[in-house]
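Please keep the sequence and the model at hand while reading.

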Amino acid sequence: MNKIQKKWAEIPLLILIFWLCQATEISLGVLPWGLGSISIFAAILAFISYSRSWERTTILAYLISLVASATAGTKGTLFIVSMVWASLFSKLLSSAFNLEGRNSFAVLTGWFVLFQKITLWILLNHFARSPTVGLFFVHAFSQILINAIIAWIIYPAFIKWDQYFEHVPEEESRGLA
Amino acid sequence: MIVIVVPLFQRFWRNNRALILKLALVLSPALALMIMKAPPVPKLHLYDRTQSYFVHPIAEGLHNARRGSGVVFDRYIHLVDVQVENEKLKTENEKLLAEILTLQEVQVENQRLKSALSMPILSKTTFVTGQILGQDSNPESLGFFINVGSNNGIKPRMPVISNNGIVGTVTRVYPNSSMFLALQDPSHAVDGTIRRSRARFIVQGDGKPLVGHLKYLDRAEDVRVGDTVITSGLDGVFPKGLKVGTIVKVQRPKSGITQTAEVRASADLGQIEEVMVITSEPNDFIEADNPVDPLASGPSEDSGTRVQ
């Protein structure tokens, strides 16, 4: 595939992957004791904030959160806002610290999930009804652990994806590398 | 004045453009939050509807495959002990045959009593049965996807029940699937009453998979551990008299005008595979709750019209 073909193939392929991931997470990926599901979206958004510019991070965070909200039971707006804010927070972290490699990415994803959970809990508390603080800690802890593991496993795939579709890292594109 | 302000503003913009843009990006979710007020009955985006055609059938297939593989695995494991078990079962069979005869008598009696009571709750309701195809991905909510949607007559806010009692309320409806929020979800509430003492309150979900709590329960009301909680029918969603759960804990604070209690839902979310969505309008429940002559409405065996 040449560069133009790759550019046109990337978005439909991404949507297909997202849908397959969503079908899997609501049917097979459900965790016991009401701990939620094994989801890939936190790792994706953490990677976007890790590798893309501020502008792209914001736009992609809105779009991907919209996709992810289809299988989330909470009010769509609150879920999207919490995901976008968590992406921007991750962007701030990844800009402030020199993150590199798999382990750093897993830690960044953990921070993403923690910030997203805190934001969502506050928003739910204010605009709807949130679970108890105890349950929040249980959910947050389990989700941080699971998403950090997913991020650690999937990191090479993200890098390969970027290489195949010829995405230039943020620093290089701005001539900072 | 303008001659001074405009160049100042231009200089400020030139010097701080990146910072202003980043600030705008960070604040954009807050703006979105203010603009996008969620309607009481959520409307589906075009994207939601499109993805439901793809995601939900695959999820249903995967869900069934998981159940199927579980059954095959269980059967294989059981084969190992099947001979020993067979001998044991033969002796038990003799005992059970004797018990069946007694139970048949009880069943006949039970049917007779049911007919006498005439079960007005579901006598005029229609419902659609649906199979659970998945659970929502967010642990902050307890949402479940089922394989019936607007093409089967499902609408938002319709009550979802199982043979053990109420399960939740439909929140999102896709053409061939829908999502309901479980009774235990923190944003779910039902108007309930104690069957024994008729005390009224709101049953509010706690986010825990099994338990909810009672809100606005008058301190003077007689509520005890073990009491059965049923729907009052006054919320305009659930018909009157459906089982919600059982009281497991009562807390009466030293001061205040209310008391609190915990209720364990009768429908266990972990065990449910099939649910029924009541498609009748709330007005039908009111008519059904007040039959002219309860004994004239006939036996309850054929109560409820199974659409699917």
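## Confidence of the model

The structure is a predicted model. For the complex, the predictor reports an ipTM of 0.80 and a pTM of 0.71. Chain A has a mean pLDDT of 83, and 95% of its residues score at least 70. In chain A, the stretch of residues 173-177 has a pLDDT below 50; beyond near neighbours in sequence, that stretch makes four contacts in the model.

Chain B has a mean pLDDT of 75, with 76% of its residues at 70 or more. Among the elements of chain B, β5(B) has the highest mean pLDDT, 90, and strand β13 (residues 305-306) of chain B has the lowest, 38. Two stretches of chain B deserve mention. Residues 116-120 of chain B have a pLDDT below 50 and, beyond near neighbours in sequence, 14 contacts in the model. Residues 287-308 of chain B also have a pLDDT below 50, with 44 contacts beyond near neighbours in sequence. Where pLDDT is low, the predicted coordinates should not be read in detail.

Chain B contains four helices and 13 strands. Of its 308 residues, 33% count as buried. When contacts in chain B between residues at least 6 apart in sequence are considered, 64% of them join residues at least 24 apart.

The contact between the chains involves 43 residues from chain A and 40 residues from chain B. On the side of chain B that touches chain A, the elements giving two or more residues are the helices α1 (2-35) and α2 (46-80) and the strands β1 (126-135), β2 (143-146) and β5 (178-182) of chain B. The greatest contribution to this side comes from α2(B), with 10 residues. By class, the side of chain B that touches chain A comprises 22 nonpolar, 11 polar and seven charged residues.

## Helix packing in chain A

Helix α2 (residues 41-51) of chain A packs against two other helices described here. With helix α3 (residues 54-69) of chain A, α2(A) forms an angle of about 170°, and the axes are 10 Å apart. The two helices α2(A) and α3(A) are therefore roughly antiparallel. In this contact, A:Phe41, A:Ile44, A:Leu45, A:Ile48 and A:Ser49 of α2(A) meet A:Thr57, A:Leu60, A:Ala61, A:Ile64 and A:Ala68 of α3(A). The residues of the contact of α2(A) with α3(A) are eight nonpolar, two polar and no charged. With helix α5 (residues 101-127) of chain A, the axis of α2(A) comes within 9 Å and crosses at roughly 110°. Hence α2(A) and α5(A) are roughly perpendicular to each other, and their crossing is right-handed. Residues of α2(A) in this contact include A:Ala42, A:Phe47 and A:Tyr50, while those of α5(A) include A:Phe105, A:Leu108 and A:Phe112. The contact of α2(A) with α5(A) has 10 nonpolar, two polar and no charged residues.

The axes of helix α4 (residues 76-96) of chain A and α5(A) come within 8 Å and cross at roughly 145°, in a right-handed crossing. Among the residues that meet are A:Phe79, A:Trp85 and A:Phe89 of α4(A) and A:Trp111, A:Phe112 and A:Phe115 of α5(A). By class, the contact of α4(A) with α5(A) has 16 nonpolar, five polar and no charged residues.

## Loop residues of chain B

B:Ser150 and B:Arg157 both belong to the loop between β2 and β3 of chain B. B:Ser150 is partly exposed because it has 16 other C-beta atoms within 10 Å. Leaving aside neighbours within four places in sequence, B:Ser150 is in contact with B:Val173 and B:Pro175. From C-alpha to C-alpha, B:Ser150 and B:Val203 are 28 Å apart in space, and they are 53 residues apart in sequence. B:Arg157 counts as partly exposed because it has 13 C-beta neighbours inside 10 Å. Although it is not a glycine, B:Arg157 has a positive phi of about 75°.

B:Arg198 lies in the loop between β6 (189-194) and β7 (200-205) of chain B. Its phi is also positive, near 65°, in a residue other than glycine. B:Arg198 is exposed, since 11 other C-beta atoms lie within 10 Å.

Technical notes. Residues numbered from 1 in each chain as written. Chains lettered and ligands numbered in written order. Predicted model: local features only at pLDDT ≥ 70, side-chain atom pairs only at ≥ 80, totals over all residues. Contact = placed C-beta atoms within 7 Å. Nonpolar A, V, L, I, M, F, W, Y, C, P; charged D, E, K, R; others polar. Axes fitted to C-alpha atoms, helices over the stretch in contact; angles between N-to-C directions. Parallel < 35°, antiparallel > 145°, perpendicular 65-115°, else oblique. Left-handed = near helix turned anticlockwise from the far one by under 90°. pLDDT = per-residue confidence, 0-100. Buried ≥ 20, exposed ≤ 12 C-beta atoms within 10 Å, placed from the backbone.
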